[in-house]
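Work through the exercises below with the sequence and the structure open. Each task is followed by a solution in steps.

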Amino acid sequence: MRRTKAEAEETRNSILHAAERVFYEKGVSNATLDDVAKAAGVTRGAIYWHFSNKTDLFLELYNSVSLPLEDMIARDIEQPASGVLAFIEKLTVDWLDELASDEHRQRIFTILLRCSYGEDLMPVLERQQEVDDRHAALLESAFARAGDEGYLNANWTPHSATKALWWMVGGLCTEWLLFGHRFDLAAEGRDGLKRLFASFRPATIDIASSADVHSMA
């Protein structure tokens, strides 16, 4: 029995790896389960043993990678507000570093970006939107926590800060993945995030320096 379960798990993993290659090369809409079966060296029936249809298989691939860790952001809201922005910045930088070094994650996100979400793939799009909405709500709560205690620049609202961060990271990843890795994602992402988060923080005034400037005038 153990061997049977082990073999079944091996077959399932082979199907997932094959689906990743086929979807990446042909696109989800153009790929068929026969294509996946051939690439995996299994029968179409073997695929249906593990997955009910192509959408189910695609969803499993989607679930195999993670967005920036939502639970860590949620826990951080309970920490002192003074560290919230630094925490979110580090979390986002770390995630970009992981994406830049993880070819599996790169392929999955590229597949998602290239996908045409017809009616049969709407469950995948709905799942993405559900995760995105939950993640955005957690980020906005974290920015609100910082703002309530004076650690968010008044030029920003929690909503606008969330959107700016979301669009920046999304734009970086989309351009990098779809246009040939034309820049250093980790390095340029880190620099861009540093500048963005600097604008999130309240402006500070060095009173001594200000007095020196006035005395020189």
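**Exercise 1: helix 8**

Helix 8 has 27 residues, and its first and last C-alpha atoms are 38 Å apart, close to the 39 Å expected at 1.5 Å a residue. The model is a predicted one: local features need pLDDT of at least 70, side-chain atom pairs count only at pLDDT 80 or more, and totals for chains, interfaces and linings use all residues. Residues are numbered from 1 along each chain as its sequence is written, and side-chain values use heavy atoms, with hydrogens and water left out.

Task: state how the expected span is defined, list the buried residues of helix 8, and say what follows the helix.

Solution. 
- Step 1. The expected span of a helix is 1.5 Å times one less than its number of residues. Helices (H or I, at least four residues) and strands (E, at least two) are DSSP runs, numbered from the N terminus.
- Step 2. Buried means under 20% relative accessible area, exposed over 50%, and partly exposed in between (1.4 Å probe, protein chains only). In helix 8 the buried residues are Val124, Gln128, Val131, His135, Leu138, Leu139, Ala142, Phe143 and Ala146.
- Step 3. Ser141 also has its place in helix 8, but at 37% relative accessibility Ser141 counts as partly exposed.
- Step 4. Gly150, with a positive phi near 85°, follows helix 8.

**Exercise 2: aromatic pairs**

Task: how many aromatic pairs does a search of the whole structure find, and which residues form one aromatic cluster?

Solution. 
- Step 1. Rings of Phe, Tyr and Trp (its six-membered ring) pair if their centres lie within 6.5 Å; planes under 30 degrees apart count as stacked, over 60 as edge-to-face and the rest as tilted. The search finds five aromatic pairs.
- Step 2. The ring centres of Phe143 and Phe200 are 5.2 Å apart and the planes stand at 75°, so this pair is edge-to-face. It links distant parts of the chain, with Phe143 in helix 8 (residues 122-148) and Phe200 in helix 10 (residues 185-200), 57 residues apart. Phe143 and Phe200 are both buried.
- Step 3. For Trp156 and Phe200 the centres are 4.9 Å apart and the planes at 85°, so this pair is edge-to-face as well. It too links distant parts of the chain: Trp156 is in the loop between helix 8 and helix 9 (158-178), Phe200 in helix 10, 44 residues apart.
- Step 4. Trp156 is partly exposed at a relative accessible area of 23%, whereas Phe200 has 0% and is buried.
- Step 5. One aromatic cluster is formed by Phe143, Trp156, Phe197 and Phe200.

**Exercise 3: cysteines**

Task: how many disulfides does a search of the whole structure find, and is Cys115 buried or exposed?

Solution. 
- Step 1. A disulfide is a pair of cysteine sulfur atoms within 2.5 Å; the search finds zero.
- Step 2. Cys115 is buried, with a relative accessible area of 11%. Cys173 is buried at 8%.

**Exercise 4: the whole chain**

Task: what does the secondary structure of the protein chain come to, and what share of its residues is buried?

Solution. 
- Step 1. The protein chain has eleven helices and zero strands.
- Step 2. Of its 217 residues, 35% count as buried.
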